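Look at the model below and keep it in view while reading.

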Amino acid sequence: MASASTSKYNSHSLENESIKRTSRDGVNRDLTEAVPRLPGETLITDKEVIYICPFNGPIKGRVYITNYRLYLRSLETDSSLILDVPLGVISRIEKMGGATSRGENSYGLDITCKDMRNLRFALKQEGHSRRDMFEILTRYAFPLAHSLPLFAFLNEEKFNVDGWTVYNPVEEYRRQGLPNHHWRITFINKCYELCDTYPALLVVPYRASDDDLRRVATFRSRNRIPATGGGYESDDAYHNAELFFLDIHNIHVMRESLKKVKDIVYPNVEESHWLSSLESTHWLEHIKLVLTGAIQVADKVSSGKSSVLVHCSDGWDRTAQLTSLAMLMLDSFYRSIEGFEILVQKEWISFGHKFASRIGHGDKNHTDADRSPIFLQFIDCVWQMSKQFPTAFEFNEQFLIIILDHLYSCRFGTFLFNCESARERQKVTERTVSLWSLINSNKEKFKNPFYTKEINRVLYPVASMRHLELWVNYYIRWNPRIKQQQPNPVEQRYMELLALRDEYIKRLEELQLANSAKLSDPPTSPSSPSQMMPHVQTHF
Amino acid sequence: MFSLKPPKPTFRSYLLPPPQTDDKINSEPKIKKLEPVLLPGEIVVNEVNFVRKCIATDTSQYDLWGKLICSNFKISFITDDPMPLQKFHYRNLLLGEHDVPLTCIEQIVTVNDHKRKQKVLGPNQKLKFNPTELIIYCKDFRIVRFRFDESGPESAKKVCLAIAHYSQPTDLQLLFAFEYVGKKYHNSANKINGIPSGDGGGGGGGGNGAGGGSSQKTPLFETYSDWDREIKRTGASGWRVCSINEGYMISTCLPEYIVVPSSLADQDLKIFSHSFVGRRMPLWCWSHSNGSALVRMALIKDVLQQRKIDQRICNAITKSHPQRSDVYKSDLDKTLPNIQEVQAAFVKLKQLCVNEPFEETEEKWLSSLENTRWLEYVRAFLKHSAELVYMLESKHLSVVLQEEEGRDLSCCVASLVQVMLDPYFRTITGFQSLIQKEWVMAGYQFLDRCNHLKRSEKELLEQYPAAFEFSETYLAVLYDSTRISLFGTFLFNSPHQRVKQSTEFAISKNIQLGDEKGLKFPSVWDWSLQFTAKDRTLFHNPFYIGKSTPCIQNGSVKSFKRTKKSYSSTLRGMPSALKNGIISDQELLPRRNSLILKPKPDPAQQTDSQNSDTEQYFREWFSKPANLHGVILPRVSGTHIKLWKLCYFRWVPEAQISLGGSITAFHKLSLLADEVDVLSRMLRQQRSGPLEACYGELGQSRMYFNASGPHHTDTSGTPEFLSSSFPFSPVGNLCRRSILGTPLSKFLSGAKIWLSTETLANED
């Protein structure tokens with residue numbers, strides 16, 4: 001399979017599971033053998049180009065553009081696949097050089113991606129090949145501007161797990177002991193008429209009647225009434241709540257900060273003054289402030305003195321970050337793979353973080369002021385926590401990276417649209433596949449071998465610059481010189497030991513069977529080694 | 001332990017100093033019982049009662065009451081009060097919980113807060129006020145504070161002066177190690193025919209391996225045979241042990257036995273030696289299995305002879321190479337920061353790490369860290385060492401490290417190169433022998449420098465956790481052990497100094513030395529002097545892949561093929577000059593071939609093309625899965641070089657991650673490794689005999705954390721006491737605000753937070 005040779009150029013974790021599956025089944029193996037395709041993915045065009053790799057220099061190759069992604073296959077060596085980029089990650093396509101441009105490789109396209117890289121292609125000046133490629137890319141990378149559907153609606157992948165069933169609001173509230181005599185479930189927003197950016201089902205203070213809620217809603221931005229995020233033991237309705245405001249900058253500052261990060265890591269890492277350059281991006285400082293805020297929220301809730309009302313000017317940017325991070329600190333359930341999916345599904349997707357506006361899915365307006373890496377910042381915070389607590393999370397770094405990859409890819413319906421009502425209108429759960437389907441049908445790959453399940457353990461990260469680090473394996477993953485060892489040697493060692501243990505247990509069992517067959521009277525001899533060994537653990 | 005629970009009420013509360021009246025009398029009998037634990041030869045110089053050891057700056061409720069003594073070895077605070085909040089999880093057998101060895105003291109500050117006076121105390125100084133407070137700044141970054149509000153003012157003053165005097169001795173022989181060893185000799189003289197007892201014997205004591213299991217002796221390189229064995233171990237043909245420096249006849253800063261090219265005669269060496277600074281002629285360190293040697297030497301000061309001698313030496317080294325390869329010379333003085341710069345960086349780093357308030361340094365932490373230049377220097381050392389690895393390994397060149405005196409930077413670079421190239425030096429015994437070979441015997445001036453030490457190794461450990469037998473804790477306690485003036489290992493500038501000084505001392509104390517060359521000091525490698533067998537198991541890295549363990553060969557073969565493919569495609573874009581050097585490189589892996597040398601570049605000249613060859617070598621190396629029993633190279637990009645947090649942040653309460661840190665994964669892995677051990681023992685027993693026999697063996701474990709250990713009632717949980725500072729504890733060691741055990745929000749000050757009672761309607 002060609003994808004085996006991509007690793008050097010492309011550590012992209014947009015995995016090829018489903019691709020492998022389809023080719024194994026024999027589906028879709030038609031004339032365009034050249035590139036692997038998803039069910040529903042169709043080849044639009046292919047062109048001869050020179051890919052100007054910032055790390056390895058120009059590579060002559062053939063680019064294949066489908067309605068989902070861009071592939072690049074090298075023409076020079078053994079036709080290895082060099083690029084495999086979903087069109088959803090593209091934020092901007094620019095032409096470079098004109099008809100009169102001189103010099104090698106000065107005429108072509110420059111593509112800016114949302115995932116911290118740029119792609120440059122040089123094309124021949126004659127034959128309109130650039131114009132074709134530009135137009136096709138623009139059309140399929142920004143389908144909304146061309147009245148085309150997002151690829152998620154064309155994707156025909158099938159999984160044996162349905163990710164859309166992961167989150168069931170009533171069940172999740174029940175797990176938290178809700179409703180109770182302080183909080184009640186209301187269907188006031190059933191048809192999204194109270195607040196169109198909130199979910200249909202809400203948990204609200206018990207003593208607040210539906211009429212009260214309607215009245216409050218008129219005062220709030222976009223009618224977003226207060227509703228429960230965590231919903232932990234709480235005393236009264238929120239007139240006893242303490243209010244505090246966190247000095248976290250707005251979404252525009254975050255966007256600029258991330259841009260600066262890209263400047264210092266792509267294509268070359270600013271080596272000579274790495275730390276001060278990093279500091280000048282303020283990225284980690286923002287991470288720190290978000291974590292600090294979440295720690296405060298968590299602390300307030302867990303000290304049991306007050307419920308916490310988290311809010312920002314328009315509902316669900318900072319709020320989603322703080323509530324979901326606080327919930328990760330307080331409730332170990334959310335540190336499992338499924339728990340984390342529920343957390344994202346509930347606090348982000350269901351409660352109406354404006355994914356469509358913040359990411360700009362399928363939209364060509366790359367300068368849109370509504371775009372901001374708020375969700376990325378949250379995932380970064382989660383990564384920081386997982387670094388500080390290497391045994392506390394069931395998922396590994398790859399899990400977080402794949403979530404971010406498909407945040408942009410538009411292959412799944414999970415992160416499309418701004419709120420639940422819009423998703424309902426588009427019948428997202430019926431017409432698209434959930435990212436959790438992909439992940440949950442291949443869970444082993446995303447598991448942290450060191451995970452130690454702990455119930456009721458509150459974990460506070462240290463929100464200090466002394467511990468926060470730039471997430472190199474995400475932000476600098478395109479640079480082969482910086483990429484860290486994969487697989488992680490420590491994890492690998494652990495897995496080896498696990499295998500060794502299992503083999504020993506098996507051999508012991510066999511030996512014991514043989515021995516007990518030989519000995520006539522071993523009445524007290526344990527029947528299995530795990531009984532004899534009081535501490536044989538069952539991992540996973 | 002830091003938790004959100006309110007502090008336990010079981011601690012005695014000393015919120016305010018107790019009233020002057022009966023309290024003192026009441027506690028008197030209790031304090032009388034407080035007696036210091038003294039080592040042989042240790043005497044109490046001064047002491048003061050009713051001292052308060054401060055645990056936090058903002059409250060005295062956790063403070064401890066006790067007696068402060070100053071001995072000729074340590075300052076000791078003796079108390080009956082239990083340590084509040086969080087304990088150390090290992091104990092040094094030579095030191096109490098609150099003790100500080102005198103040689104670990106950096107600065108002594110006395111304060112009188114009524115008079116608002118403060119004085120840094122040097123030796124033999126006067127103190128015009130009665131101190132109410134004593135602050136000890138330690139070389140290991142701790143800051144310890146004592147209050148004398150309730151103590152006799154005169155005795156408080158005396159203790160302070162005594163500490164100042166004894167911690168800054170003017171004469172080497174005043175260091176406690178001499179007294180201790182002298183005592184041992186006297187005692188043993190009375191017992192068995194003058195043979196000192198215990199201590200592992202040997203000139204400084206060979207000592208055992210760190211762990212319970214391994215009892216391999218650390219070669220000290222004091223004898224002819226140790227060097228000879230090292231030559232044989234590395235297969236270095238063409239090199240011989242030379243005895244011309246026996247009795248330090250040639251140089252007082254070289255070991256008695258050195259290894260030199262076989263083609264150089266003793267007579268020639270004697271003549272050459274005069275031209276070298278400190279008469280430090282070339283010393284062999286190590287040989288690669290391809291025959292390339294690592295050699296270190298001082299500068300040739302004799303300008304007229306320079307060329308001639310240099311030529312002779314290089315020829316001899318070339319002759320000792322089986323392929324007659326050239327010599328690559330590395331002038332360390334020109335390529336690396338000098339020791340003053342390294343020292344200055346370390347001082348800055350220390351200031352930054354202990355700075356208060358914590359939050360003030362937060363905002364500019366990264367740039368402040370950069371400004372210390374510490375990481376930059378660490379990186380420079382690692383990078384240069386890795387480049388030399390390339391010369392030795394890939395280019396098959398012998399490498400000569402040249403430095404003015406050849407006893408500072410060379411120590412560091414020589415040992416780093418060997419750690420990268422030779423898996424033996426990544427075992428505990430091997431690493432200890434390396435420090436003996438390249439630092440102690442090669443004349444690193446521990447006495448004068450005693451500050452910066454091979455901390456770069458830690459970077460490698462972090463990047464290749466499975467390649468090292470020892471753990472981060474091991475490096476931390478080794479680092480601490482350089483500040484305990486009991487061991488001969490890190491006490492002297494050279495082996496000769498040890499012999500000279502201790503012989504003088506022996507004569508003055510009437511100790512019969514017999515045939516021995518100087519006194520035999522205990523060796524730091526005898527870890528049983530400091531730690532129990534149980535605590536020593538913490539030195540073992542559970543990630544370590546021992547030779548016997550089968551490892552991942554299958555995986556590496558596969559990925560190698562992949563590398564080859566994409567590798568050739570990378571060649572396309574390269575400038576043609578680059579292609580020369582690397583044509584058939586991948587054919588002969590893992591042993592890279594020597595065809596590389598065909599367009600023989602002048603090895604002494606660092607050309608551009610050679611730089612990119614090095615780069616290519618690194619890239620190639622990193623594109624393959626590392627064979628942990630082979631060469632390991634550090635990643636030297638700025639994004640990979642990180643601060644050694646365990647060592648530098650362990651006393652900083654604000655930086656402590658409770659229930660977290662890499663120790664939690666270490667713990668998890670230890671449990672599994674232990675389980676595997678137990679199972680394999682059971683398997684062996686099962687094969688050989690009756691079932692019952694195996695239970696007897698289950699008790700011993702090489703892991704600190706084991707599947708059935710005392711810390712471990714529930715097998716899967718992370719123990720409450722684990723934190724990023726483990727096994728150390730910040731409590732009372734930096735004297736910060738009492739954030740341990742107080743509500744979290746109190747110390748969350750990174751974000752500016754306003755508490756407000758504004759209502760909802762005002763917003764938006």
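Buried means under 20% relative accessible area, exposed over 50%, and partly exposed in between (1.4 Å probe, protein chains only). Helices (H or I, at least four residues) and strands (E, at least two) are DSSP runs, numbered from the N terminus. This is a predicted model, in which local features need pLDDT of at least 70 and side-chain atom pairs count only at pLDDT 80 or more, while totals for chains, interfaces and linings use all residues. Residues are numbered from 1 along each chain as its sequence is written, chains are lettered from A in the order in which they are written, and side-chain values use heavy atoms, with hydrogens and water left out.

In chain A, helix 11 covers residues 374-388. Of its 15 residues, 14 are buried, so helix 11 of chain A is largely enclosed by the rest of the structure. Helix 9 of chain A (residues 337-350) is also largely enclosed, because 13 of its 14 residues are buried. Just after helix 9 of chain A, A:Gly352 has a positive phi of about 90°.

A salt bridge is a side-chain nitrogen of Lys or Arg within 4 Å of a carboxyl oxygen of Asp or Glu. The structure holds 58 of them over all chains. One joins A:Glu338 and A:Lys443 (3.5 Å, N to O). A:Glu338 is in helix 9 of chain A, and A:Lys443 is 105 residues away in the loop between helix 15 and helix 16 of chain A.

In chain B, B:Glu438 and B:Arg296 form a salt bridge, with their closest N and O atoms 2.7 Å apart. B:Glu438 lies in helix 13 of chain B and B:Arg296 in strand 12 of chain B, so the pair ties together parts 142 residues apart in sequence. B:Glu438 is buried at 2% relative accessible area, and B:Arg296 is buried at 2%.

Note on methods. The expected span of a helix is 1.5 Å times one less than its number of residues.
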